[in-house]
Amino acid sequence: MPLGNYVILKPDTGERMHFVEHRIEPRTVTDNVTLRPKAVNVLVLSVDRLNGQAVAAQFSTMSETLYAKLEAYLAGNLYRNYEFIITQRGTGFQTRYTVEAIPLVTR
Amino acid sequence: MPRKSRQVETRMTAEYLLKEYSKFQSITACPLGRVDEALMATAGYQKALGLSRPYRPEADAIVVLPNYLLLIESKVWNVVNGLAKLPLYKSLVPVTPELQKFMPREVLLELVVGWTNSNLEIMARDAGVRIKVYSPPWLQEVVRGMHDYWTSDYQRERQRVLEARKTLGLE
């Protein structure tokens, strides 16, 4: 059972997160098709609130699709003004992400 | 030859939402349509959502406005496909379980494009869809590349690249 240090998405279940910091981290992973190591860039986000509970956790993704959805919020740490509900749908090459951005202050 | 995906329309949607609707709740890649109730009863809600995935189209984005749900499709290529989808997707909003918490709201339709033309505007008006052009510099480059694709200069350059790849044994 994973500790509470990392947020791991479960299929079709949204996780509501508030991000406070981010970084792009180079990592070496094993390609699950070729079984060879490959260098990748990972978007790592620090989470201070998960589903309404205070936490000190990390959420990371290698997905270009998910990165493209979050990229606009990275400049100036705009993500701090939102909570995000991220839902993973499907697996492998068919994985899709539904991202719900909820402003913390609404007019 | 493998090409890294540019995620053009995904990035375009995210940037557009932040530029135009930053104060409102938004949902990207939102599944639309009903989930079979019998399936939900036997498999459970979460499992039924997963199993229904192939039969549920996705809206590029939905913005939750005070009195409306704004349904958005973003298109750089095949813009008419995006326009045609929107009125059909609208019919699925009232039966989408994920959106029930926002109902009742009227549904507005918006097509976000990197470029437009007068015929697209005429069709959109007739279909009840608002056209919005979002064209930051990086997207203008994509649109320019798309338009250049059919020019003789591009075709000559493409032919030269293909021949070079063949000569170098890369094909």
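**A tour of chain B and its partner**

Begin with chain B: of its contacts between residues at least 6 apart in sequence, 60% join residues at least 24 apart, a contact being two residues whose C-beta atoms, placed from the backbone, lie within 7 Å. The model is predicted, so local features need pLDDT of at least 70 and side-chain atom pairs pLDDT 80 or more, while totals for chains, interfaces and linings use all residues. Residues are numbered from 1 along each chain as its sequence is written, and chains are lettered from A and ligands numbered from 1 in the order in which they are written.

Next, colour chain B by secondary structure.

Now select Leu86(B). Beyond its neighbours within four places in sequence, Leu86(B) contacts Leu71(B), Glu73(B), Leu109(B), Leu111(B) and Val129(B).

Then display both chains. In the interface, 22 residues of chain A are in contact with 19 residues of chain B. On the chain A side, β5(A) provides the largest share, eight residues.

Finally, select β5(A), residues 96–103, together with β1(B), residues 25–31. These strands pair in the antiparallel sense over three bridges, where pairing requires at least two bridges found by DSSP. Within this pairing, Val99(A) stands opposite Thr28(B).

Terms used. Helices (H or I, at least four residues) and strands (E, at least two) are DSSP runs, numbered from the N terminus.
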